[in-house]
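Visitor: Could you show me how to read a sheet and the helices packed on it? I would like the general idea, then the case at hand.

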Amino acid sequence: MITVHHLDNSRSQRILWMLEELSVPYEIQRYQRDEKSMLAPASLKKVHPLGKSPVLEDNGLILAESGAIIEYLQEVYDEAGTLKPAAFAERQQYRYWMHYSEGSLMPLLVMKLIFSRLGKPPMPWLIRPIAGAIGQGVQKNYLDKQIYTHMDYLEHHLATHPYFAGYQFSAADIQMSFPIEAINARAGLGKYPHLNAWLSNVTGRPAYQKALENGGPFTILR
């Protein structure tokens, strides 16, 4: 039986979704974030040295990193090839978006989250105004511009492709879901009709809804 070490409000929600799409049985080991720091509990380090989620256990294999886990599940359990395109050109798109999600887009969103918290507790009150001003300046003059450039890029791609790898739903859509849900939660997708349509489409899938039911309430950290 596969075990998913599942941290609330985290990337591990994608792993539950992938398993539901594949109809593969699994069990969930749940972990809760610290209410103040919002960090994962130390108990996760007993599973993987980095103490982060998701972590998947399968037949003695312990695997971290959501992209690596999703690719492993597709290779091992997707015998019909339903979640990876067969055509060469679409497979290249699939590979690209699988890496783009965490390699290009998520670092910007993580940086924005960090800089948005400057000037807030637990930072000493004396330097909060200065730190807050620095955080707002970095967001306005760099991060927000970069994020909007990426959003324009995604919108343009989805204007001609209903899914990220082409015309077939794939694991690349699962991998791309977390950063796009994060953008939607923090800024909305009002200016981006194709991104909105894609998000509505994929989150309406029965497997997504089942994963949400099994994983518990899911709220993007702000």
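This is a predicted model: local features need pLDDT of at least 70, side-chain atom pairs count only at pLDDT 80 or more; totals for chains, interfaces and linings use all residues.

Visitor: How many bridges join S3 to S4?

Guide: In general, strands of a sheet pair through backbone hydrogen bonds, either parallel or antiparallel. Two strands count as paired if DSSP finds at least two bridges between them. Here S3 and S4 run antiparallel and are joined by four bridges. S1 pairs with S3 (residues 55-58) in the antiparallel sense too, over three bridges, and His5 stands opposite Val55 there. With S2 (residues 26-31), S1 runs parallel, over six bridges; Leu7 has Tyr31 as its partner in S2.

Visitor: In which order do the strands lie?

Guide: The order is S2-S1-S3-S4, an open sheet of four strands with mixed pairing. S2 and S4 (61-64) stand at the edges with a single partner strand each, so one side of each has no neighbour in the sheet.

Visitor: Are the residues of S1 buried or exposed?

Guide: Buried means under 20% relative accessible area, exposed over 50%, and partly exposed in between (1.4 Å probe, protein chains only). In S1 (residues 2-7), six of six residues are buried. In a regular strand the side chains alternate between the two faces of the sheet. Ile2, Val4 and His6 point one way from S1, while Thr3, His5 and Leu7 point the other way.

Visitor: Which helices lie across the sheet strands?

Guide: Contact means heavy atoms within 4.5 Å. Axes are lines fitted to C-alpha atoms, for helices over the stretch in contact, and angles run from 0 to 180 degrees between N-to-C directions. H2 (residues 66-77) lies across S1, S3 and S4, at about 130° to S4. H7 (residues 206-215) lies across S1 and S2, at about 50° to S2.

Visitor: At what angle do H1 and H2 pack?

Guide: H1 (residues 12-22) packs on H2 at about 10°, with the axes 10 Å apart.

Methods. Residues are numbered from 1 along each chain as its sequence is written. Side-chain values use heavy atoms; hydrogens and water are left out. Helices (H or I, at least four residues) and strands (E, at least two) are DSSP runs, numbered from the N terminus.
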